[in-house]
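Biologist: Can you take me through this model? I would like the fold before the details.

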Amino acid sequence: MKPQHLALAALTAASLWLAPAAHADNQAIAVDEMAAYLEFVDYGGGVIFAEQIPKDEWPKMVVIDARDAGQFAKGHIPGAINMDWRQVLAQRNTIPKDKPVLIYCNSGSLSAQAGFALRVAGWDNLRILQGGMEEWKAKGGFDAAARATAPARH
């Protein structure tokens with residue numbers, strides 16, 4: 001066996017032997033980061049209700065629709081960008097840290113997962129729309145805040 005082949009075989013064997021340890025170290029780091037986040041985050045984890053967002057605040061936010069492209073094409077919050085919830089970390093460099101970011105899905109569950117991942121990755125300017133697209137529509141969309149604060153009609 002040639003020396004370069006022997007060296008390559010040794011390197012491959014060493015990497016296979018060390019891979020489980022490296023994986024365990026990476027997993028421990030990830031768990032530590034998530035634990036630190038959970039100790040720090042406020043109750044609610046960055047969740048916001050549609051009625052908490054005044055109509056004039058919507059244009060100041062980056063709104064991310066975390067549903068798949070087909071759902072996005074059928075209807076979305078005007079001005080939203082489509083970014084599948086499973087891709088937020090891969091596309092995180094396109095998400096600003098210097099302005100408010102709102103993420104939503106249909107009901108809030110998938111966007112909550114994407115939001116958790118982004119918040120652990122350092123996005124503290126991110127909020128998750130409670131109830132997602134369905135609740136946003138039911139509460140009046142951009143007018144949800146005005147509806148919630150309007151005097152009761154009898």
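This is a predicted model: local features need pLDDT of at least 70, side-chain atom pairs count only at pLDDT 80 or more; totals for chains, interfaces and linings use all residues.

Biologist: How many helices and strands in the protein chain?

Modeller: The protein chain has 5 helices and 5 strands. Both are DSSP runs numbered from the N terminus, helices being H or I with at least four residues and strands E with at least two. Along the sequence the pattern is α-β-β-α-β-β-α-β-α-α.

Biologist: In what order do the strands sit in the sheet?

Modeller: The sheet is open, with the order β1-β5-β4-β2-β3 and parallel pairing. Two strands pair here if DSSP finds at least two bridges between them. β1 (47-48) and β3 have a single partner strand each and stand at the edges, so one side of each lacks a neighbour in the sheet.

Biologist: What joins β1 to β5?

Modeller: 2 bridges, with β1 parallel to β5 (residues 126-129). Val47 is opposite Ile128 in β5, and Ile48 has Leu129 as its bridge partner there.

Biologist: And β4 with β5, how many bridges?

Modeller: 3 bridges, again in the parallel sense. Ile103 is paired with Ile128 of β5. Right-handed means that, with the strands pointing away from the viewer, the path from the first strand over the helix to the second runs clockwise.

Biologist: Where does α3 lie?

Modeller: Helix α3 (residues 109-120) lies across β4 and β5, at about 170° to β5. Axes are lines fitted to C-alpha atoms, for helices over the stretch in contact, and the angles run from 0 to 180 degrees between N-to-C directions.

Biologist: Now β2. Which residues of β4 and β3 does it face?

Modeller: Ile64 is opposite Ile103 in β4, and Asp65 is opposite Tyr104 in β4. On the β3 side, Asp65 stands opposite Asn82. β2 pairs with β4 (residues 101-104) over 4 bridges and with β3 (residues 81-82) over 2 bridges, parallel in each case. β2, helix α2 (residues 69-74) and β3 also form a right-handed β-α-β unit.

Biologist: Are the faces of β2 buried or exposed?

Modeller: Both faces are covered: Val62 and Ile64 on one side, Val63 and Asp65 on the other, are all buried. Buried means under 20% relative accessible area, exposed over 50%, and partly exposed in between, with a 1.4 Å probe and protein chains only. In a regular strand the side chains alternate between the two faces of the sheet. β4 has Val101 and Ile103 pointing one way and Leu102 and Tyr104 the other, and all are buried.

Biologist: On to the largest nonpolar core. Which residues touch the most other members?

Modeller: Trp58, Ile77, Leu102 and Leu129, out of 15 residues. The elements giving two or more residues to this core are β4 and α4 (132-138). A nonpolar core is a set of buried Ala, Val, Leu, Ile, Met, Phe, Trp, Tyr and Cys residues joined through side-chain atoms within 4.5 Å. There is a second, separate core of 13 residues, including Ile64, Met83, Ile103 and Ile128.

Biologist: What is Trp58 in contact with?

Modeller: Leaving aside neighbours within four places in sequence, Trp58 contacts Ile53, Val63, Ile77, Leu102, Trp136 and Phe142. Contact means heavy atoms within 4.5 Å.

Biologist: Different topic. Where is Lys60, and what does it touch?

Modeller: Lys60 is in the loop between β1 and β2. Residues up to four places away in sequence aside, Lys60 touches Lys99 and Pro100. Lys60 is partly exposed, with a relative accessible area of 45%.

Biologist: How much of the protein chain is made up of buried residues?

Modeller: 31% of the 154 residues.

Technical notes
Residues are numbered from 1 along each chain as its sequence is written. Side-chain values use heavy atoms; hydrogens and water are left out.
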